[in-house]
Amino acid sequence: MSASMTIGGKTIEVASGQTIESAVRNAGMIPDAFLFVVNGKPVPMDTPITDEITIKALKVASGG
């Protein structure tokens with residue numbers, strides 16, 4: 001089965017059974033650059049992906 005993840009305005013299908021971190025790495029992005037939200041609540045990047053969930057990846061910025 002799969003779930004969906006929205007990263008930078010683009011929605012991709014990701015396989016369940018992996019962590020959010022591994023799905024983002026497989027998409028060619030750096031997980032530390034994002035805050036992950038499921039059902040309106042932030043979740044850690046080691047959260048397992050289950051069927052039918054929707055993950056939003058919000059880009060974080062830092063500066064000085």
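**Exercise 1. In this predicted model, which side chain makes a polar contact with the side chain of Gln18, and at what distance?**

Step 1. Start by finding Gln18: look in the loop between β2 (10-15) and α1 (20-26).

Step 2. Now check the side chains. Gln18 and Ser22 are joined by a polar contact of 3.3 Å.

**Exercise 2. Is Gln18 buried or exposed, and which residues is it in contact with, leaving aside neighbours within four places in sequence?**

Step 1. The relative accessibility of Gln18 is 18%. The cut-off for buried is under 20%, so Gln18 counts as buried.

Step 2. With neighbours within four places in sequence set aside, Gln18 is in contact with Ala23, Asn26, Thr47, Pro48 and Ile49.

**Exercise 3. Which strand is joined to β5 by five bridges, and which residue of β5 does Phe34 stand opposite?**

Step 1. The strand is β3 (residues 34-38), and β3 and β5 run antiparallel.

Step 2. Phe34 stands opposite Lys59 in β5.

**Exercise 4. Which residues of the largest nonpolar core touch the most other members, and which elements each supply at least two of its residues?**

Step 1. The core has 15 residues, and those touching the most other members are Met5, Ile20, Phe36, Ile49 and Ile55.

Step 2. As for the elements, β1, α1, β3 and β5 each supply at least two residues of this core.

Step 3. Zoom in on Met5. Not counting residues up to four places away in sequence, Met5 touches Lys10, Thr11, Ile12, Val14, Ile20, Ala23, Val24 and Ile55.

Step 4. A bit of background: in soluble globular proteins, nonpolar side chains tend to be buried together.

**Exercise 5. What is the mean pLDDT of the chain, and which elements have the lowest and highest mean values?**

Step 1. The chain averages 91, and 98% of its residues reach 70 or more.

Step 2. Among the elements, β1 has the lowest mean at 90, while β4 (residues 41-43) has the highest at 97.

Conventions:
Residues are numbered from 1 along each chain as its sequence is written. This is a predicted model: local features need pLDDT of at least 70, side-chain atom pairs count only at pLDDT 80 or more; totals for chains, interfaces and linings use all residues. Side-chain values use heavy atoms; hydrogens and water are left out. Helices (H or I, at least four residues) and strands (E, at least two) are DSSP runs, numbered from the N terminus. Buried means under 20% relative accessible area, exposed over 50%, partly exposed in between (1.4 Å probe, protein chains only). A polar contact is a pair of N or O atoms within 3.5 Å; within protein, one must be able to donate a hydrogen and the other to accept it, and residues adjacent in sequence count only if both atoms are side-chain atoms. Contact means heavy atoms within 4.5 Å. Two strands pair if DSSP finds at least two bridges between them. A nonpolar core is a set of buried Ala, Val, Leu, Ile, Met, Phe, Trp, Tyr and Cys residues joined through side-chain atoms within 4.5 Å. pLDDT is the predictor's confidence in each residue, from 0 to 100.
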